[in-house]
Amino acid sequence: MGVRGRLAMAVVGLTVLVAACSGEATTPAPSPGAGRTPAPAAASDALPGMPPVTNARNVYADAGANMLSDAAKAATPLVYVPHTKSGEVRVIDPATFAVVGTYRLGGELQHVVPSWDMRTLYATDDTLNKVVPFDPVTGKPGAAIPVQDPYNMYFTPDGSTAISVAEAQKRLVFYDPHTWVQLGELPTPDCAGIDHADFTPDGRTAVFTCEFAGRVAVVDVARRTLLRTIDMPTRNTRMGPQDIKLAPDGSVFYVADHDQNGLWVLDGAATRVIREIPTGHGAHGLYLSRDATRLFVTNRHEGSISVLDAYTGALITTWHIPGGGSPDMGNVTADGSQLWLSGRYDREVYVLSTTDGSLIRKIDVGNGPHGLCVWPQPGRYSLGHTGITR
């Protein structure tokens, strides 16, 4: 189960030159903006209440290295590893790589999700219909909260609503993120395997992947309505579209497709598929470098990470985990120096250098490590998942 506007040509030329000088492989990329639909406006037309985009060329500009909010500064640096098979969250000290806490919460724990205000982390359990809050200051769990089928969880960019991605039930369930009173729901019957999401720069549109339908669902955030579905050119319905990530300039969305072994590229307005980018066997998770210039793609069945130019999608290099592995979900540390990933099928966690991809550490954990959360993260607010911050 599974479980973006534009740069000057000089920047593309520099990327290719650097890769050539280092002996790294590259793939041809189109000129910036070629064949792309401009992203929606992100200023006056933005979702009311959403913090303003401060840099139209980089929606992640306020989530740069060590740009911690006051709430994030109060957190103890820890890594939270939920397990789908052993029903536990293991907590790791990133300074020593030691497991400092094991919390057996039962059920099938999928992701550890930071709240919009970054004051709480939630372990989502889609079999026992609950989320378990963790205090990021102490690293300890609290009492479970009833939530319908929370395979994954996101927050609207204005912070008003939590969205439970109810994969098994083929619907989105909306909650007040403070009282956890249910506010409504949106059935998505044609989006089997609904699981991952990201938002346009203006916050008005969300794109959800449909793993078992080979498509994506495009949602009006304010109205909570389905705008359209978009089929991928090849509809993989066993383990199809997985993680999704908005390019820094908002020009495109990158959609990982596990069985396609690469990415589909969606235009920024989420109306059509533009092209395909091959990466590796079992493309799954998508993570940005702290300066948002590189996109890390985890190839789960190949034990590798493809490093792409985050603006053009051009391949910069590929890192292979020594001895193999199953890199799945995770994130980059607050200072940007390390990439932490769960080894979904190998009962381990990988810590890689974001400079050269070298393996810093393999850490033994429990059975079925999945949506690993590195905390704290820079940024003003969290959109959810394992820490999408802006």
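A disulfide is a pair of cysteine sulfur atoms within 2.5 Å. The model shown here is predicted: local features need pLDDT of at least 70, side-chain atom pairs count only at pLDDT 80 or more, and totals for chains, interfaces and linings use all residues. Residues are numbered from 1 along each chain as its sequence is written, and side-chain values use heavy atoms, with hydrogens and water left out.

**View 1. A disulfide joins C191 to C210.** A search of the whole structure finds one disulfide. Its sulfur atoms lie 1.9 Å apart. The angle about the S-S bond is -100°, and the link of C191 and C210 is left-handed. C191 sits in the loop between β12 (182-187) and β13 (194-199), while C210 belongs to strand β14 (residues 205-210), 19 residues apart. Strands are DSSP runs of E, at least two residues, numbered from the N terminus. C191 is buried at 1% relative accessible area, and C210 is buried at 0%. Buried means under 20% relative accessible area (1.4 Å probe, protein chains only).

**View 2. F97 and W340 form a stacked aromatic pair.** Rings of Phe, Tyr and Trp (its six-membered ring) pair if their centres lie within 6.5 Å; planes under 30 degrees apart count as stacked. Here the centres are 5.9 Å apart, with 25° between the planes. F97 lies in the loop between β2 (88-93) and β3 (98-104), and W340 in strand β26 (residues 338-343), so the pair ties together parts 243 residues apart in sequence. F97 counts as buried at 15% relative accessibility. W340 counts as buried at 0%.

**View 3. Ring pairs link Y80, Y103 and F134 into a cluster.** The count of aromatic pairs comes to eight.

Key
Rings of Phe, Tyr and Trp (its six-membered ring) pair if their centres lie within 6.5 Å; planes under 30 degrees apart count as stacked, over 60 as edge-to-face and the rest as tilted. Helices (H or I, at least four residues) and strands (E, at least two) are DSSP runs, numbered from the N terminus. Buried means under 20% relative accessible area, exposed over 50%, partly exposed in between (1.4 Å probe, protein chains only).
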